[in-house]
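Please read the following points alongside the coordinates.

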Amino acid sequence: MAIYYPKTYDVIVIGAGHAGCEAALAAARMGCSTLLLTLNIESLAQMSCNPAVGGLAKAHLVKEIDALGGEMGRIADLTALQMRMLNKSRGPAVWSLRSQNDRQLYRLHMRRVVESQQHLDLRQALVESLLVEHRRVIGVETETGYRFRAGAVIVATGTFLRGIIHIGLKSFAGGRNGECASMGLAEHLKIGGLDIGRLKTGTSPRINGRSIDFEGLTPEGGDPDIEAFSYRTRESITSTATCYITRTNERTHEIIRSGLDRSPLFTGRIEGVGPRYCPSIEDKVTRFPDRKSHMLFLEPEGAHTLEYYISGLATSLPEDIQIELVRSIGGLERAEITRPGYAVEYDFVRPTDLYPTLETKCIEGLFLAGQINGTSGYEEAGAQGMIAGINAVLKVTGGGEFVLDRSEAYTGVMIDDLVTCGTEEPYRMFTSRAEHRLILRQDNADERLMEYGHRFGLVPAEALARVKQRVRARDEVVSTLERERVKEGKDSVTLKHLLKRPGMDWKAVVALVPSLGKYGPEVLSRVEIEVKYEGYIRREVAWARDLKRKEGKLIPGRLDYASVPGLSLEATEKFSRVRPRSIGQAARVPGITPADISTVLIHVEKERRMSKDE
């Protein structure tokens, strides 16, 4: 006999990783009763790979999570050991903040936030199946047979769906080393009609810091003055930790090649596709045989531990080979491995099975977020968690749906890529994926998205007011720059014209007009970007408006593509699978031709005219 928990929830979230925590917090903060179920409460918000947040393009996602009212940026600030702005030698569109974090403190801070959040219950349980009636989810059932009812369910299981750990020729079930996998739920999702694939990721060995010879290694400190990830962070962030750079060598590569006959990657034991842009060291050595060395980073795990993570050395080679190859690296000749690297293979759902809200097409009320959708990275997961959490609440309250355009956010780019094109390998965010990256900078994420966060009750009014005040201040400064002139010989030029010149910055302008200093670097640095890239930004805005018009040409969700005259068989199959919401999205489906788009557009317009005539 089924036993039901007496309380019915609005939203249930399965999995308390980065996606699950953001989803559960968003749902609870929007006022919905929410249950967060996890295999192990002690591992809530675990940083399974390197202890860092942000980086190239990923910082944009963190800033967007924060602007929508999420938690990742704030906790990254609170637990930062070091912060650096990457890509400063290039344009501001690709500047990206990265923090080195205390792994344990990050987890503990997130747990404290989750446990203290009103409307949110945290419970340890293994979910074995979904409860579904008439193709709509109504709750979940745990391995003990206990059932929980809900209006919507979000699955954010990370790498735990039928997860298998590989170290050399040894394999065992697990979503992380030392933690069990979720087996029954994966099968239940497949039975429910979702298209399941298989992916692989990996992690690097950790080593005892006492066994590292730091002399001769290249130290890499943080930036002295750094902007925080979160709008809530008022205190200054000081870099207290140092990372170190070392490299592999030809001896290291020889050792790696000697162990390939016992590598699960090269013996066929691993079937899942690994990340192209973050390959294992075995992949690097075999794919680039002419490379004499590969850069590695020694990253501290925390302020209260001596353990270091070797970033760039992901491997699933046998432990004896791992020990030998680590000790062949400069500075690590006597290194003691505290935890070996490993590969984890896991199930994912092909994201073309999802709507842009991250709701599944085959089971109403079921949402997916994070690595289950084929992505990699804490930041990609957290951003999906925000979108899934908001949309789950809108689903149960009848509040419509929330979808970000590609021209609005990196989050919108990522989700559109996933649901339109799908992925056959772990998806990672890059600035190159965003065609409007000059107007989607990390510094203006709050201007772009905080209005949404406030609308959903996730961002307080005073925070939004501060952003609007900063925008007004920026406009005041620009007006002053356009009005004020300085002498240049017999002629004079505006301060705005002067600021556009190479080598000029806002500090130089303040030296000429000291009264502008009252606005502070937060405003003036943004003014500098807006002025220097004014023409490019204007062009990008116009392009984004054109995209919006295309996205505004909606395709009826009920459209039977098989009945569209003249549509090719290939286009019919692809459109029936993806179910594009607009002409703009339809045009981005891989393999679709302009003729296919024209055919659908003509048919949709004809159907609309006929419905009006009726």
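This is a predicted model: local features need pLDDT of at least 70, side-chain atom pairs count only at pLDDT 80 or more; totals for chains, interfaces and linings use all residues.

1. Residues are numbered from 1 along each chain as its sequence is written, and side-chain values use heavy atoms, with hydrogens and water left out.

2. The structure holds zero disulfides, a disulfide being a pair of cysteine sulfur atoms within 2.5 Å. For Cys243, the nearest cysteine sulfur is that of Cys49, 14 Å away. Cys243 counts as buried because its relative accessibility is 3%, and Cys362 counts as buried at 19%, where buried means under 20% relative accessible area (1.4 Å probe, protein chains only).

3. Strands here are DSSP runs of E with at least two residues, and helices are runs of H or I with at least four, each numbered from the N terminus; two strands pair if DSSP finds at least two bridges between them. Four strands form an open antiparallel sheet in the order β11-β10-β19-β12. At its edges stand β11 (170–173) and β12 (196–203), each with a single partner strand, so one side of each lacks a neighbour in the sheet. Strand β10 (residues 164–167) pairs with β11 over four bridges in the antiparallel sense, and Ile165 stands opposite Phe172 in β11.

4. A further open sheet has three strands in the order β3-β5-β4, with antiparallel pairing. Between β4 and strand β5 (residues 96–101) there are six bridges, and Leu86 stands opposite Ser96 in β5.

Technical notes
Buried means under 20% relative accessible area, exposed over 50%, partly exposed in between (1.4 Å probe, protein chains only).
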